Amino acid sequence: MASIPVVDIGLTEQSNECDWSKVAKEVDDALSGIGFVYLKGHGIPEKTLENAFDQSKKFFELDLQIKDACVYSVEGSTFGYNGRDPKLTIGNKYRESFNVTPNPDGKILEALDTNVEPLVSSLLQLAKDSQPTILRLLSIFVKSLQLETEDYFSKRCIGLTDTSVLNLTRLKTNIYPYLEGMEAGTERCSTHADFGLITFLWQDVGGGLEVLTGDGKWISAPCIPGTILVNSGNLLSFWSGGRYPATIHRVGVSEHEIEHKLSRQSMAYFVIPDDEVLIAPLLPHHPNYTGEIPASVQAVTVQEYMKKQLETVYNQLSSSAT
């Protein structure tokens with residue numbers, strides 16, 4: 001049966017070309033195969049992750065009235081709590097979440113309620129501590145796709161660290177509350193593929209995440225302590241010319257959740273290039289290919305690409321909820 005590979009990207013901390021080539025091949029094999037990979041040796045402090053999970057749990061335990069007040073919007077950029085949407089809630093497919101952007105507008109930070117400040121602080125720290133790992137992985141992609149320009153991907157994700165560049169990247173913390181009467185295997189988050197470039201996923205030990213393999217079988221993607229679970233999104237699938245598929249996955253109720261009557265927690269960092277970046281299918285493995293878009297290929301901005309995907313998915317959700 002297929003399984004999700006574990007790759008040690010800590011080897012790339014040194015400049016040894018053999019280590020970089022080895023890691024690049026392993027990442028390429030994983031993402032071009034099952035579309036998911038566990039990364040160890042990533043360098044993100046465990047204390048940062050634990051604090052983000054702890055603060056998330058404390059926030060989600062607050063009264064609904066307090067949480068509902070923690071929604072902030074500046075110039076159309078939503079930041080904050082997202083509770084149950086009755087139009088999109090079907091049976092047990094219910095979760096609460098809180099979104100942050102890695103470089104939030106100062107007006108948002110000034111408006112934060114004391115109930116939410118510890119959570120936001122912990123999530124922003126996790127986003128900050130994840131940046132070096134994200135940039136390292138983007139450099140690995142350059143080697144995997146045999147591009148000539150070393151910073152090909154990183155220079156198109158400047159908004160991760162520069163507040164002046166528009167970028168849809170966000171970090172989302174979730175809770176799937178325990179519901180009495182649930183049965184193991186019940187679907188809690190419908191089958192889907194992620195929209196963006198890559199997703200960093202952390203989850204608690206309860207499990208429940210499943211990945212659809214190329215031969216049509218569902219396999220478990222459990223929490224492996226000390227690792228990040230990474231998957232490619234639709235945008236990377238398009239950009240890589242289909243080399244890295246955006247694998248379908250879902251969340252179901254686990255036996256652990258039923259046995260211990262526990263809610264499920266997860267955090268997902270959806271990494272997306274800058275809004276105005278032009279993307280088109282790359283031509284991987286062509287000698288000396290620089291990644292520049294040929295004149296014959298029709299390109300689209302990241303913003304346009306993401307907007308089209310969001311519109312399609314929300315229309316599907318709205319239809320299924322009526």
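I call a residue buried when its relative accessible area is under 20%, exposed when it is over 50% and partly exposed in between, with a 1.4 Å probe and protein chains only.

I note that this is a predicted model, in which local features need pLDDT of at least 70 and side-chain atom pairs count only at pLDDT 80 or more, while totals for chains, interfaces and linings use all residues. Residues are numbered from 1 along each chain as its sequence is written, and side-chain values use heavy atoms, leaving out hydrogens and water.

**Entry 1: aromatic rings.** I looked up Phe-59, which counts as buried at 1% relative accessibility, and Phe-60, which counts as buried at 6%. I took rings of Phe, Tyr and Trp (its six-membered ring) as a pair if their centres lie within 6.5 Å, calling planes under 30 degrees apart stacked, over 60 edge-to-face and the rest tilted. By this rule I have eleven aromatic pairs. The ring centres of Phe-59 and Phe-60 are 5.7 Å apart and their planes stand at 70 degrees, so this pair is edge-to-face.

**Entry 2: a second pair.** I found the ring centres of Phe-141 and Phe-153 6.2 Å apart with planes at 80 degrees, so they too are edge-to-face. Phe-141 and Phe-153 are both buried.

**Entry 3: charges over rings.** I counted a charge as over a ring if NZ of Lys or CZ of Arg is within 6 Å of the ring centre and within 35 degrees of the ring normal. The charged end of Arg-156 sits 3.9 Å from the ring centre of Tyr-152, and Arg-250 lies over the face of Trp-218 at 3.8 Å from the ring centre.
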